[in-house]
Amino acid sequence: MATPAAAAHAAHEHHEPQSFWRKYVFSLDHKVIGIQYTVTALAVGAIGLVLSWLMRLQLGFPGAVGAVNPTNYYQFMTYHGLIMVVYLQTAILLGGFGNYLIPLMIGARDMAYPTLNMLSYWTYLLSVILLLAGYFVPGGPSGGSWVLYPPQSITAGTPGSGLGITLLLASIAVFVVSATMGGLNYITTVLQMRTRGMTLMRMPLTVWGVFISAVVALLSFPPLFVAGVMLLFDHLLGTSFFIPTVNVLGTVLPHEGGSPLLFQHLFWFFGHPEVYVVILPAMGIISDVMATHARKPIFGYKAMIVSMAAIGVISFIVWAHHMFASGMNPFFGYIFAATTLVVAIPSAMKTYNWLLTLWKGSIRFTTPMLFTIGFVSTFVIGGLTGLFLGNVAVDLPLHDTYFVVGHFHLVMGVSAILAMFAGIYHWFPKVTGRMMNETLGKIHFFVTFLGAYLVFFPMFLMGFQGIPRRYFSFDLVAFAPSGLDAVNAMVTVAALAVGAAQLVFVANIVWSAVRGREADANPWQANTLEWQTPQIRPGHGNWGPKLPEVYRWPYDYSVPGAARDFIPQNEPEVAVVSPAAGPEPEGAGR
Amino acid sequence: MHGHADHVDHSEHQAHLPVGVYLRVWFMLFILSAVSYFVDYFQVEPLPLRWVLIVLLALIKAALIMNYFMHLGSERLSLVYTILLPPVLILALAAIVIAEGSYISMIRALFGG
Amino acid sequence: MTEHQQAAVAGGRRSAWREIVADFSRDVRTYPFGWSKAMMWIFILSDLFVFGGFLAAYAGARMAATQPWPDRGHVFSLTIGGAEVPLLLIAIMTFILISSSGTVALSVAASHERNRSKTAALLGLTLVLGACFLGMQAYEWTHLIHEGFLPSSNPAGASQFGATFFMITGFHGTHVVIGLIFLARVLLRVLRGYYDRIGTWEQVEVAGLYWHFVDLVWVFIFAFIYLI
C-alpha cells in the first residue's frame, strides 16, 4: 500500500521493524497507516466516481448506456452516496490526513495506541470489502438510497433487499467500529501526547479540525450504529422497530406498530454531524494551506477554533431539518429551523476569516492554494443555499428537487474534495520527497473547479423549476420544462470532463512519485512542525533522538523585522527576531 | 509496547479513598436498589410519582458509582466536564424521539394504523 | 515555565474555571494521567452514546407501539413455593453486578498500594461474580424463550418489548463478556508481576473503569427496561 518511492528510500533505524510485512502492510507506524487509508479511500472513491458517471449518462443521454436500468440506477445512487460520504471523505480526512498529520504536527512519535490504530485501518478495509461484496451476492447490492429509510430499504421490491442490505448494514456497523477506534486515538493523542511548548492554542488548525471532527464522530456515530443494528434486527429477526403494518406487493407483512420516523431521527442524529465530521478537517486543512501560501498569519486564529467548536456542538441539535418533509411532529420544524440558521454564524465567521487572511497577503498561486480558494467559493455557495433549505416554508417545495442535490454536493461534496486535493498537493512532498507537477495540477484544478460549478449550479435552477431528484428518467414526466434535456446533457458532459480531470490527477501522482522534482525539506516555507523533521521523509519515531520543542504559534508568517518571512514553530524567539524590530504583530510569540 | 516515555508522574498523587468509603457506597447502592425494587413491588401510585422515584434513584446510584467507584469526584474538573457535559446531546435525542413517539401514537389514535 | 506554575496554583485553589483553563492551556498533556486512562474515559463517553441511543430508541419504539406494553413484574417473575415473586431474578442479578463493581473498586484501591495478592484476589472475585451474572442472564433468556418470548413477537403484548429487551440486554451482556476477558487479562498480568516491571499499575484502574461503566449502564437498564 505504501508508495514505491517510500519503499525504496526507507530510513533505517535500530528499533524499526525490518520485515516487509511488518513495515508496509501490518505497520504500526501512523504514517504508513495514513497512506493506507488514503490509497484505499481514493480507490473506493474512484468506484463512486464511476457510478456517478453511469447515473449522469442515463440522465443526460437516456438510453445511451443500455446497461443502466431503473434497478441498477438506484443501486448506483445508494453506493455513490455512501461511498463518497462515508468511505471516501470520512476515511480520507480523518483516517488519512488525521493519521499522517496529527503526530507530526504536534511533535509526537506516533499515535497513543498504535496497535488500535492499525486495527482501525484493517476494520475499515473489512467494511469496504463488505460494502463491495454487495455486488457479488444474489439480488445484488441494496438500492435503498444512501439514507436507507425503512420500510422501503428492507422490503421486497427494492433492489438488493435480501443479502445486499444485510451486507450494507454490516459494513456500516463495522465502519462505525473502525471510526471509533481511530477517533479514540486522534483525541487521546492530541490531548495527551503533545511535545514541549505545544499548548492546545499553539496547534495548527488542521489538528484542531481533525480533533473536533473526531470528537463529533465519536459522539454521532453511535446512533448510526444503533439504527443499523435495529434495522438489521427488523430485516433478519422479524422485529418491528421501524416497520408499521404494511402491505408490500399484495402481502401484509407480519410487522406491526413500528415507527419509520424513529429510524430517520437516529439516522440524522448521525447524518447531520457527519457533514461536519467531513467539513471540519477540510476547514483546518484550508486554513493551514491558505496561511502558508498567502504568507500571512491566519486571521482570527482563536475565532477559528471557537467557530469550529461551535459548529461541532450545534451540529448535534439541528438534525431534524433533514426531516421537514417527512411527516414528523410539525412543532419540531420550529425548533430545528432556528438551530439550523444559527450554524450560519460560525460558518460565516470562518469565511470572513479566510477572506481577511487573503487580504493583502503575498499570495503564491500554487496548486494547493488554487484548491483552497476554490474551497472558499464552493463552501460559500453551498452554505448560502443551505440557508434556503433551513427554513421550513422554503424547504418543503424544494426538498425533493435537484436544489438539494446541488446544495449538498457543493457544500460537502465538492468543498471537502477540493480541500482533500489541496491537502494532497500540499503534503505530497512530505510523503514522497518529491513535488507534484504544477502544470498538471493547474489543469486538474481548473477543470475540476469550473466543471463542478457547471455540474451543480444548473441544479439549483432545476430545483426552482421543481425537477424532482431520485428520478431515473424524465421521459414520461409531463411537467418537465422543454429545456431540461439540454441542461441535463450539458451537466453530464461537464461531469465527464471533471471525471477525466481526476485521471490527470492520478497520472500526476504516479508520475510525480517516481519522476517528480526532488523536494527540499520545507518546500512551501511553512511553519508547522511536520516540515521540521530531521529527515525529509521522517522514519520510524519521526524525530530522531530528541523531540522538538515549540516556542510559538504556527502562523508567524511575514513577521516584521524577522530575517525570513516565516518562523518555524520550533525556532526560539531570540534566534530570529532582531531587537530593533517594529511593533509585534498580534499573536507573535504566543 | 510504545516508544515514547509516557511515564505516569501524576496519577500516584490522586486522592486515595479509605476502604470504608467503598464499603459504605456499596451498602448505599444495595439500599437504593432495594428501594427502587420495592417502589415497583408495591406499585406506588400515582404512576408519574413511581416513574420519577425510579429515575431519581437510578440517577443517585449512577452518581455514587461515578463519584466514588470511578473516582470522578477526585479527578480534575477538566475531565469531569468532558465526561458530564456531552451526554446532554443524547438526552436531546431522547427527548425529541419521545415527543415524536407520543405524536405518532396520537396520529394513530386519530387516523387508525 | 510560568504556565506550569499557574497550573499548580490553580490546582491548589480548585477554582473551577481556573482549573479547567489551566488544564487546557498546558503543553504535553491535558489530563494528569497516562494516555490509556484518558482513552478509556473517552471510550466510555462514546459508549454512553451507544447505550443512550439504544435507550432513546427503546423509548421511541415503546411510545409509538400499537399494542399494550407487557407487565414486566409478571413477565420476569419467579414462582417460589407457589407464590409468584416479581423480578426476583433481576434483583439478584443487580445485587451481583453491584457487588462485582464494589470488588473491582477495592481491587483498584489495592493496586494503588501495589498490593499484588490483594489486587489479584479481588479481581478473581469480580470475575466469579461477573460469570454468575452472565449465567443468570443466560437462564433468564432461555426461560423467556421457552415461554414464547422472541424478538419478533411475544404472548404478553407489544412485539417491540421482546425486540428491545433482547437487543439491549444482549448488547449489555456482550459488554460483560468483553469486560470479563479484559479483567482476566489484567489478572494474569497482575499475577505475573507485569505492572511492577513496567512501573505503572494504571491498567488495573482502566479495566476497573470499564467494569464500573458496565455496572452503570445496568443501573439504567434495570430502571428503564424492568421497572418503568
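Reply: A definition comes before the questions: a residue is buried if 20 or more other C-beta atoms lie within 10 Å of its own, and exposed if 12 or fewer do. The model is predicted.

Me: How many of the 25 residues of helix 5 of chain C are buried?

Reply: The cut-off for burial is 20 or more other C-beta atoms within 10 Å. Helix 5 of chain C is largely enclosed by the rest of the structure, because the residues that count as buried number 18 of the 25.

Me: What is the distance between the end C-alpha atoms of helix 5 of chain C, and what span should its 25 residues have?

Reply: Helix 5 of chain C covers residues 88–112, and at 1.5 Å a residue it should span 36 Å. The expected span is 1.5 Å times one less than the number of residues. The end C-alpha atoms agree with this, as they are 37 Å apart.

Me: Which residue with a positive phi follows helix 5 of chain C?

Reply: The phi in question is near 55 degrees. The residue that follows helix 5 of chain C with this value is C:Arg114.

Me: What is the radius of gyration of chain C, and why is the chain called more spread out than a compact globule?

Reply: Chain C has 9 helices and 2 strands, in the order α-α-α-α-β-β-α-α-α-α-α from the N terminus. For 228 residues the globule rule gives 17 Å, and the chain is well over that, so it is more spread out than a compact globule; its radius of gyration is 22 Å.

Me: What does the C-alpha trace of chain C span along its principal axes?

Reply: Of the 228 residues in chain C, 50% are buried. Among contacts in chain C with a separation of 6 or more, 67% come from residues 24 or more positions apart. Along the principal axes the C-alpha trace spans about 70 × 40 × 25 Å.

Me: Which helix of chain B gives the most to the side that touches chain C?

Reply: In all, 46 residues of chain B are in contact with 49 residues of chain C. On the chain B side, helix 1, helix 2, helix 3 and helix 4 each supply at least two residues. That side divides into 30 nonpolar, 10 polar and 6 charged residues. The most, 12 residues, comes from helix 4.

Technical notes: Residues are numbered from 1 along each chain as its sequence is written. Chains are lettered from A and ligands numbered from 1 in the order in which they are written. This is a predicted model: local features need pLDDT of at least 70, side-chain atom pairs count only at pLDDT 80 or more; totals for chains, interfaces and linings use all residues. Two residues are in contact if their C-beta atoms, placed from the backbone, lie within 7 Å. Helices (H or I, at least four residues) and strands (E, at least two) are DSSP runs, numbered from the N terminus. Ala, Val, Leu, Ile, Met, Phe, Trp, Tyr, Cys and Pro count as nonpolar, Asp, Glu, Lys and Arg as charged, and the others, Gly among them, as polar. The radius of gyration is taken over C-alpha atoms; the globule rule is 2.2 Å times the number of residues to the power 0.38.
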